[in-house]
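Dear colleague,

Please find below the structure that I am handing over to you.

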Amino acid sequence: MEQLEGKVAVVTGGGSGIGEGIATAGADAGMRVVIADIEADAAERVANALRETGAEAIAVQTDVTDPDALDALADEAYAAFGAVHLLCNNAGVISVGEIASTTPADWQWLFGVNLFGVVHGIQAFVPRMRKQGGEAHIVNTGSMSSISATRAVEVGVYCATKHAVLGLSETLRNELEDDGIGVSILCPGGVATQLFAADRNLPEELRGRVTPPVRERREVERMQPREVGELVVQAVRDNRFWIITHPERRGTIERRAQRLLAAFDEAAASAG
């Protein structure tokens with residue numbers, strides 16, 4: 001989808017962090033933008049900031065765990081702009097703890113947002129995208145945890161959700177190719193976001209039952225969300241599946257791939 005000017009983007013989790021970065025980069029490319037976020041004030045702040053630059057933008061409070069809320073978001077986006085050409089399923093949350101000590105609520109919350117938020121977005125928007133015809137694109141926010149597991153922080157539940165988003169996204173790209181709808185997965189590394197304060201939006205029924213994220217983290221240099229947004233916009237133009245933000249993580253992925261290929265070699269040797 002090389003031509004973005006005048007096209008419409010919907011970004012969930014658009015009230016801060018990577019979502020805000022994508023929305024800003026999209027607006028700078030001439031797109032009209034729908035900012036969806038569970039925090040209404042945050043969504044409106046970003047929409048206001050974009051409007052001040054001359055962009056067309058609206059804010060819609062959206063809980064991505066609720067499929068009806070995604071249907072309502074689609075209704076508002078189409079009512080405002082008549083079409084949606086780019087859907088960024090970006091909302092995400094995290095908890096920290098070793099898998100054996102996590103709670104059922106950890107799994108309920110993280111899968112509800114990180115995976116089912118993507119599913120609900122796809123089911124609300126893809127039928128409409130197909131009906132409107134023409135080029136469109138979907139970007140699902142995964143993580144470096146979609147393609148590797150870290151020892152630095154105990155984020156096994158998060159890692160499981162992001163692996164699931166990868167599998168979903170690869171399958172979805174195959175399913176939508178003939179419709180002219182591209183699919184990408186964004187796999188960011190360290191980015192300056194509020195991810196580790198995500199429990200500020202915990203549903204009331206899960207409070208006290210979810211393992212809290214770690215507030216104190218070692219200081220590392222983090223990419224700015226706007227930089228990530230620019231990478232996303234370029235990947236949409238190029239119809240690339242993989243959006244990698246931190247090339248310095250290549251070694252980790254190569255070592256993992258080498259172990260996997262070695263296992264295939266061992267299987268072939270055993271079969272022979």
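A residue is called buried under 20% relative accessible area, exposed over 50%, and partly exposed in between. Please note that this is a predicted model. With a relative accessible area of 27%, Pro 203 is therefore partly exposed. Pro 203 sits in the loop between β6 and α6 (225-238).

Pro 203 is also one of the residues touched by Trp 109. These two residues are 94 apart in sequence, yet their C-alpha atoms lie 8.5 Å apart in space.

Trp 109 belongs to the largest nonpolar core, which has 52 residues. Together with Val 10, Leu 73, Val 84, Phe 125, Met 129 and Ile 138, Trp 109 touches the most other members of that core. The elements that each supply two or more residues to the core are β1 (8-12), β2 (32-37), α3 (67-81), α4 (104-132), β5 (136-141), α5 (156-176) and β6 (181-187). Of these, α4 contributes the most, with 13 residues. A second, separate core comprises 31 residues, among them Ile 18, Leu 50, Ala 57 and Val 233.

Finally, the second largest pocket holds about 180 Å³ of space. Its lining consists of Ile 147, Leu 166, Trp 242, Ile 253, Arg 256, Ala 257 and Leu 260. Of these lining residues, 6 are nonpolar, none is polar and 1 is charged. Helix α7 (residues 250-271) gives the most to this lining, with 4 residues.

With kind regards

Technical notes
Residues numbered from 1 in each chain as written. Predicted model: local features only at pLDDT ≥ 70, side-chain atom pairs only at ≥ 80, totals over all residues. Heavy atoms only, no water. Core = buried A, V, L, I, M, F, W, Y, C linked by side-chain atoms within 4.5 Å. Buried < 20%, exposed > 50% of the residue type's maximum accessible area, 1.4 Å probe, protein only. Contact = heavy atoms within 4.5 Å. 1 Å grid on protein atoms, 1.4 Å probe; cavity = no way out; pocket = protein on both sides within 12 Å on 5 of 7 lines; lining within 4 Å. Points joined across faces, edges and corners; volume = space filled by probe spheres on them. Nonpolar A, V, L, I, M, F, W, Y, C, P; charged D, E, K, R; others polar. Lists of a residue's contacts leave out its neighbours within four places in sequence.
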